[in-house]
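Please keep the sequence and the 3D view at hand.

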Amino acid sequence: MSAVFESLTRFYQSSIGKKTLVALTGAMLVLFVLGHMIGNLLIFVGPHAINEYGHFLQTVGHGMGVWVARIGLLAAVVIHIVATIQLTKANRAAREQRYGCEATQVASRSSRFMIWSGLTLLAFIVYHLLHFTAHAGNNYGSYMTDLDGHQVHDVYKMVIAGFSWAPAAIFYVIAMLMLCSHLSHGVSSLFQTLGLATNKTWPIFKFVGHAYAALILVGNCSIPIAIWVFGYGH
Amino acid sequence: MALLNLHLKVWRQNGSQPGHFQDIEAPEIPDHASFLEMMDIVNERLIANGQDPIAFDHDCREGICGACSMTINGMPHGPERATTTCQLHMRKFRTGDTIWIEPFRARSFPVVKDLMVDRGAFDRIMQAGGFVSIRTGSAPEGNSIPIGKDVADAAMDAAACIGCGACVASCKNASAMLFVSAKVGQLNTLPQGQPERQRRTLGMVRQMDAEGFGNCTNQYECEAACPKEISVRWITKLNRDYAVAAVKDIVGAGRQQAGGEGGD
């Protein structure tokens with residue numbers, strides 16, 4: 001038991017071990033982001049579709065499903081953030097004296113900005129959960145509607161109300177730009193860290209990473225922009 | 001032959017004391033001189049003026065030993081692709097240019113003097129697993145182990161690493177992953193390297209971490225700076241080999257067969 005624990009500790013303490021965990025938790029979050037976006041786009045199908053979807057998420061597995069997902073995502077987010085902060089601190093410490101003349105040959109801007117795009121996303125996640133999940137500072141929790149004879153939470157009305165307020169819509173768009181930047185390096189990068197890239201497949205991974213980041217940006221931004229700029233749902 | 005008038009900003013440092021940039025004028029440098037020959041000319045003038053010459057590493061001056069270092073205008077070995085400092089020529093610069101000359105900067109490469117750094121960390125990483133154990137005695141028959149041409153070629157690509165440290169110097173995080181991956185990959189690719197594969201992978205990575213190098217963030221500055229064009233796919237392989245070795249280490253695979261707590 002203790003020998004296994006010792007090996008696990010050594011794995012976590014190693015640079016590659018930590019990076020592997022960052023890649024695996026990143027992969028979970030990458031898939032979550034896509035699922036979350038597809039679900040949210042139901043708002044364009046109409047109030048019934050998104051309210052039914054919201055009700056399904058709340059009740060799946062007798063209400064346990066949502067908690068399993070929440071705990072899993074929370075664990076992934078915590079591991080992803082703790083490991084990357086430790087890695088970043090080690091990276092800063094590895095070069096105490098900076099170059100007088102700094103040059104960058106191939107590193108993308110997104111790749112050099114990962115810790116900052118990531119920390120902005122952390123701030124966004126906290127705000128997002130307070131805004132639409134905990135309903136802090138708003139009365140969205142009291143919005144109810146009739147769904148096939150059941151009284152359910154009115155997700156449609158909540159989203160329309162949430163994005164009708166300009167500062168929220170703007171912050172969401174900024175956060176999605178950060179997410180796009182983060183994904184444009186992170187998605188292809190996880191294939192490298194997990195040892196799955198080859199010379200043949202690397203250009204595909206790189207393209208897929210950029211396309212994925214763009215897809216998430218367009219899909220997620222379409223909602224606040226449609227509501228705030230074009231008055232969708234009013 | 002044209003003569004170049006250059007302005008140098010050279011890092012001067014004595015051991016662990018704080019360093020600084022010194023402005024040195026380098027007039028009338030022949031454009032067919034190599035970068036190191038330019039440094040020689042500058043040093044001869046400094047000595048003639050009773051000043052302290054600039055300390056820098058050099059050895060073969062034909063691009064194969066890995067001794068010369070220097071970060072030139074922010075790029076290890078200068079702006080030319082796949083070129084060591086000794087093979088960089090002054091015709092690549094223009095008269096009037098300001099050239100920044102700095103050591104390979106990393107906490108794990110402490111400055112000895114001026115542009116010379118101690119790259120002993122690489123030696124200690126090699127000692128941690130960069131070898132194969134063989135019986136000594138009479139030379140074995142060369143063809144007794146069949147090795148496919150593609151495998152031999154791949155191992156040779158990794159073996160092209162001269163251990164100069166440009167990967168560390170160029171990396172935004174001063175990571176040694178390209179060096180370590182080339183050395184691990186070369187031996188892990190060949191049949192002779194298989195018996196110690198797991199121990200080597202874990203041991204060299206552990207030593208790399210212990211030396212205080214940074215962590216790879218997949219930005220590939222190392223590959224761009226490498227004078228031997230070592231591919232970052234060796235890092236992919238090291239990541240893969242390390243994950244496999246770590247899982248085997250966690251579950252203890254390979255130990256029971258050996259009948260006890262053998263190996264690492």
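The C-alpha centres of domain 1 and domain 2 of chain B lie 30 Å apart. Domain 1 of chain B covers 3-112 and domain 2 covers 119-258, with bounds that come from an automatic or database domain assignment. This is a predicted model, in which local features need pLDDT of at least 70 and side-chain atom pairs count only at pLDDT 80 or more, while totals for chains, interfaces and linings use all residues. Residues are numbered from 1 along each chain as its sequence is written, chains are lettered from A and ligands numbered from 1 in the order in which they are written, and side-chain values use heavy atoms, leaving out hydrogens and water.

Between the two domains of chain B, 21 residues of domain 1 are in contact with 21 residues of domain 2 (contact means heavy atoms within 4.5 Å). The area buried there is about 1,500 Å², and carbon and sulfur atoms give 59% of that area; buried area is the accessible area (1.4 Å probe) that two parts lose on being put together, summed over both. The count of salt bridges between these domains is one, where a salt bridge is a side-chain nitrogen of Lys or Arg within 4 Å of a carboxyl oxygen of Asp or Glu. Asp57(B) forms a salt bridge with Arg119(B), with the closest N and O atoms 3.4 Å apart.

Next comes the contact between the chains. It takes 49 residues from chain B and 41 residues from chain A, and buries about 3,900 Å², with 50% given by carbon and sulfur atoms. Asn215(B), Arg233(B) and Ile250(B) supply 17% of the area that chain B buries against chain A, more than any other three residues. One salt bridge is counted between chain B and chain A; Asp249(B) forms a salt bridge with Arg10(A), the closest N and O atoms being 3.4 Å apart.

Gly195(A) lies in the loop between helix H8 (166-193) and helix H9 (202-228) of chain A, helices being DSSP runs (H or I, at least four residues) numbered from the N terminus. Is Gly195(A) buried or exposed? Gly195(A) is buried, with a relative accessible area of 2% (buried means under 20%, exposed over 50%, partly exposed in between, with a 1.4 Å probe and protein chains only). Not counting residues up to four places away in sequence, Gly195(A) touches Thr236(B), Asn239(B) and Arg240(B).

Notes. Helices (H or I, at least four residues) and strands (E, at least two) are DSSP runs, numbered from the N terminus.
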